[in-house]
Amino acid sequence: MATFDDILEEAGEFGIYQKRIFFLICITTAMFSYLYVGIIFLAITPNHWCRSPGVDELRNKCGWSLEEEWNYTLPPDSADSSLYSRCERYDIEWNATSVSCENPLSFLQNGSADLPLTTCSDGWVFENGSFPSIVTEFRLVCADAWKLDLSQACLNLGFMIGTIFLGFGADVYGRKLCFLFSTFVTSVSGLAVAFAPSYIWFIIFRTVQGLFSKGGWLSVYVLITELVGLEHRRTVGIMNQMCFSFGMMILPAVAYFLPAWRTLQLTATIANFCFLSYYWLMPESPRWLLSQKKKAETIKILQKIAKKNKNTFSTNIETVQIEDCHVELKTPSVTHLVKTPQIRKHTLILMFNWFTSALVYLGLVMRLGITGGNIYLNFFISGVVEIPSAIIVVLLIDRVGRRFPFAMGNLLAGACCLITAFIPDDIYWLKAVIASLGKLGITIAFLMVCFVNTELYPTFLRNFALSVCSAMCDIGGIVAPFILYRLAAIWIEMPLTVFGMIGLIAGGLVLLLPETKGIILPETIEDAENIGREKKTAPKTNYQLVALHTSVETSDSKQTASEKIII
């Protein structure tokens with residue numbers, strides 16, 4: 001009996017038709033990079049200081065320079081006495097004080113040392129030439145700086161919740177419909193973000209974007225993997241990640257020419273509306289249609305694929321095997337991830353690595369916004385260094401295996417973060433090079449964790465395990481801005497030391513995982529428990545007993561349960 005991969009081979013596994021669809025999906029991936037890391041350009045924080053009532057008039061009258069005004073009105077920064085405070089000022093009513101232009105503090109016996117301090121109750125002055133950002137417009141500085149962290153955390157919270165529900169929706173209603181619906185809601189909420197009248201509304205609409213965007217993007221990623229032959233799925237996954245990196249490289253150029261945050265948000269949102277045209281340009285997944293017994297629609301799409309690929313399609317669709325009735329299928333649950341010793345170990349290690357990958361990756365990207373220098377150039381370079389990671393993964397996974405590049409990616413990222421933290425600021429070029437190597441390492445780890453996650457679990461549990469473990473990725477995204485910005489307020493390099501230690505721990509834990517190069521994907525819990533063990537020493541315990549309790553409705557179970565894929 002034929003499988004779906006057999007008929008896809010006849011129609012064309014990765015022909016002109018699939019390449020056109022893949023190109024369309026790559027555009028959505030490049031656009032998704034804006035939503036994922038675009039906060040860097042929406043929330044640029046220019047130099048700022050407390051507004052002192054009456055000082056503007058006095059400065060104009062006396063002809064003070066900006067440095068002189070700061071010297072008279074602002075105390076030294078508590079963390080660095082060579083700088084002026086951004087969040088406090090001297091509590092003087094300049095309008096009511098008789099001062100001389102030459103020495104305005106002469107009425108004090110000990111100069112500014114006797115002056116009481118107060119917070120920026122009259123607001124802030126932002127450096128001339130700065131463009132509007134959510135920081136300047138909503139005053140997200142000093143005591144309210146945590147609200148900037150919250151805005152990114154809410155987006156990632158939306159990612160985590162939305163991915164679960166939209167993943168279910170894609171299995172029930174189809175990949176294409178799920179993508180189009182999520183694109184529409186994401187675009188409308190994106191318009192609302194661009195016109196948000198207050199910080200509260202900005203947070204609300206940004207969270208809605210998170211709820212629908214990532215799940216919709218993942219649904220079309222699943223669609224293209226189901227539309228191409230087995231041997232091309234890995235290439236498609238890696239190339240799709242490269243498109244995300246290309247999006248990161250394009251984003252700073254767009255932000256440079258459209259620096260005002262509302263204009264940038266509006267432009268990205270209008271472009272997102274164009275993806276609604278995929279209703280006519282992209283098919284539904286024929287594999288999903290066949291699993292839903294929609295054979296007429298499946299045949300129509302397969303015939304179209306064959307025609308565009310200049311092949312013929314003659315297989316009788318009635319003979320295609322989607323589900324093996326002779327194999328007892330099981331409903332996945334959280335207990336399956338922790339009940340047996342090896343799977344429990346794999347689950348905990350993978351969850352920690354998903355968390356680490358997102359935390360360190362987002363932390364290094366958002367760090368570009370607080371380290372000074374040319375943020376546009378630095379962000380572009382940050383995207384460029386991701387490209388070699390995909391090439392490295394392609395070259396290594398079939399030669400040296402999965403575990404070594406996975407562990408080395410984390411270890412490289414951790415070591416580079418720690419080294420960067422202690423390089424003096426005056427050796428900026430070296431600091432930038434080492435930090436870029438850290439970004440390269442964590443990108444490799446990010447690519448590898450997805451591969452390894454799918455290879456360590458049995459068929460009935462594979463998709464569910466990937467969803468549960470990758471949820472830690474979004475938790476890492478929630479935590480990242482708080483660790484970065486709050487610790488940087490204490491010492492600007494402190495976040496790097498945290499990222500470094502977590503990266504090293506993650507790399508060490510990866511070495512405890514079994515190597516999956518050249519193995520047959522496990523079909524049962526017993527298979528998964530015995531990965532990496534010699535047959536003669538494999539335990540006799542029948543781990544399948546832990547998975548009894550019944551029928552299945554997951555997307556993985558709709559594929560051939562008895563099919564064994566050689567990696």
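Visitor: Which residues are linked in a network of salt bridges?

Guide: Please note at the outset that this is a predicted model. Side chains of opposite charge can pair when their charged atoms come close. Here such pairs join up into a network, and its members are Arg51, Asp56, Arg59 and Glu69.

Visitor: How many salt bridges does a search of the whole structure find?

Guide: A salt bridge requires a side-chain nitrogen of Lys or Arg within 4 Å of a carboxyl oxygen of Asp or Glu. With the whole structure searched, the number of salt bridges found is 16.

Visitor: How far apart are the closest N and O atoms of arginine 175 and glutamate 226?

Guide: Arginine 175 belongs to helix 8 (residues 175-194) and glutamate 226 to helix 9 (residues 199-227), so that the pair links distant parts of the chain, 51 residues apart. Arginine 175 has a relative accessible area of 3% and is therefore buried, and glutamate 226, at 6%, is buried as well. The two form a salt bridge, and their closest N and O atoms are separated by 2.6 Å.

Visitor: Is aspartate 144 buried or partly exposed?

Guide: Aspartate 144 forms a salt bridge with lysine 147, with 3.8 Å between the closest N and O atoms. Lysine 147 has a relative accessible area of 23%, and therefore counts as partly exposed. Buried would require a value under 20%. Aspartate 144 has a relative accessibility of 27%, so its class is partly exposed.

Visitor: What is the distance between the closest N and O atoms of glutamate 493 and lysine 431?

Guide: Both glutamate 493 and lysine 431 are buried. They form a salt bridge, whose closest N and O atoms lie 3.0 Å apart. Since glutamate 493 is in the loop between helix 21 (459-488) and helix 22 (494-510), while lysine 431 is in helix 20 (residues 428-455), the pair ties together parts 62 residues apart in sequence.

Visitor: Which residues lie closest to the centre of the largest cavity?

Guide: The structure holds 4 cavities of 30 Å³ or more, and the largest contains about 240 Å³ of space. Its lining is made of 19 residues, and those closest to the centre are Phe32, Leu35, Thr186, Ser213 and Asn272.

Visitor: How many charged residues are in the lining of the largest cavity?

Guide: Helix 2 (16-37), helix 8, helix 9 and helix 11 (261-273) each supply at least two residues of this lining. Sorted by class, the lining has 8 nonpolar and 11 polar residues, and the number of charged residues is none.

Visitor: Which residue of helix 8 has its C-alpha atom 5.9 Å from that of phenylalanine 273?

Guide: The residue concerned lies 86 residues from phenylalanine 273 along the chain.

Visitor: What is the C-alpha to C-alpha distance between valine 228 and glycine 15?

Guide: Valine 228 is in the loop between helix 9 and helix 10 (233-257). With a relative accessible area of 0%, valine 228 is buried. Valine 228 and glycine 15 are 213 residues apart in sequence, yet in space their separation is 8.6 Å.

Visitor: Which helix gives the most to the nonpolar patch on the surface?

Guide: The patch is formed by Leu412, Ile427, Trp429, Val433 and Leu437, which together have about 440 Å² of accessible area. Tryptophan 429 has a relative accessibility of 60% and therefore counts as exposed; this residue lies in helix 20. With 3 residues, the helix that gives the most to the patch is helix 20.

Visitor: What is the phi of lysine 293?

Guide: Most residues other than glycine have a negative phi. Cysteine 142, in the loop between helix 6 (134-138) and helix 7 (146-173), has a positive phi, near 55°. Lysine 293 is found in the loop between helix 13 (286-291) and helix 14 (295-308), and is exposed, with a relative accessible area of 66%. The phi of lysine 293 is also positive, near 65°.

Technical notes: Residues numbered from 1 in each chain as written. Predicted model: local features only at pLDDT ≥ 70, side-chain atom pairs only at ≥ 80, totals over all residues. Heavy atoms only, no water. Buried < 20%, exposed > 50% of the residue type's maximum accessible area, 1.4 Å probe, protein only. Helix = DSSP H or I, 4+ residues; strand = E, 2+ residues; numbered from the N terminus. 1 Å grid on protein atoms, 1.4 Å probe; cavity = no way out; pocket = protein on both sides within 12 Å on 5 of 7 lines; lining within 4 Å. Points joined across faces, edges and corners; volume = space filled by probe spheres on them. Nonpolar A, V, L, I, M, F, W, Y, C, P; charged D, E, K, R; others polar. Patch = residues over 30% accessible without salt bridge, like charges linked within 9 Å, V, L, I, M, F, W, Y side chains within 5 Å. Areas by Shrake-Rupley, 256 points an atom, 1.4 Å probe, with all protein chains shown as cover.
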